[in-house]
Amino acid sequence: MSYILHIETSTPVCSVALANEQDGVVWEKVSFEGPSHAALAGVFVEEALEWLKAIHQKPVAIAVSGGPGSYTGLRIGVSLAKGLCFGYDIPLIAIPTLDILATQAIRIHKENPGFLYCAMLDARRMEVYSALYDVQLTPLRETKAEIIDESSYSTLLENQKILFFGNGAAKCKEVIKHTNAFFLDDIHPLAAGMALLAREKYNGNQFEDVAYFDPFYLKEFVGTVAKNKVLRP
């Protein structure tokens, strides 16, 4: 039995989880009281490793959220993940934050057919980082930065129901008013939500270069949005 250790610190929520190929997630710790990653992420990881030690196991890989997300949060999570990879001499797996969000929204909502899924991470003002998926988690549009206004997604919404979620979606409720626009609250990127995606990458040997991997920070696209004024789907 092989265990992957998952670390998610891209938003104010801090979480760590363990999963194996047979049972899925077997251990999880989450704090919604953040941002407190500097204080909690290392503690959660230590507890996870103690749990593995008690059953005479070690992680075979470390999975970490690869962004976009907050600079401080991602830096803490990725630095911790890299240290573990070097210490155990195991591979690093990076999962895009928006994929983690979409996986959780689809799991909750998949019994309602006919929806597209729009994951949104908050940046500032009416700026978000977003990605669009179908129910199979297939990306339907490249991940991008955008400023949300009343015309955002209007063309798609004419013929398609879209479910918006993530901490960037809440502020869009008063702007995106179409009858085909729906909002799912309390969807956070969590370490447990990475498990299936990380296992797929592990089985496919899709690993990052531990020495050179750097996550995608939200601050990297703020200048792009400001420069281009408005980016629409």
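Predicted model: local features only at pLDDT ≥ 70, side-chain atom pairs only at ≥ 80, totals over all residues.
Residues are numbered from 1 along each chain as its sequence is written. Local features need pLDDT of at least 70 and side-chain atom pairs count only at pLDDT 80 or more, while totals for chains, interfaces and linings use all residues; side-chain values use heavy atoms, without hydrogens and water.

Helices are DSSP runs of H or I with at least four residues, strands are runs of E with at least two, and both are numbered from the N terminus. Helix α2 spans residues 71–88, 18 residues in all. From first C-alpha to last, α2 reaches 26 Å, close to the 26 Å expected at 1.5 Å a residue, the expected span being 1.5 Å times one less than the number of residues.

Buried means under 20% relative accessible area, exposed over 50%, and partly exposed in between, with a 1.4 Å probe and protein chains only.

| Side of α2 | Residues |
|---|---|
| Buried | Gly73, Leu74, Gly77, Val78, Ala81, Lys82, Leu84, Cys85 |
| Turned away, exposed | Thr72, Phe86, Gly87 |

The buried residues of α2 fall within an arc of 160 degrees seen down the axis, so they line one face of the helix; the arc is taken from the directions from the helix axis to the C-beta atoms. They pack against β1 (3–8), α1 (37–54), β4 (59–65) and β5 (92–95). Aspartate 89 follows α2 and has a positive phi, near 60 degrees.

Leucine 49 lies in helix α1 and is buried, at 18% relative accessible area. Not counting residues up to four places away in sequence, leucine 49 touches Leu5, Pro59, Leu84 and Tyr88, contact meaning heavy atoms within 4.5 Å.
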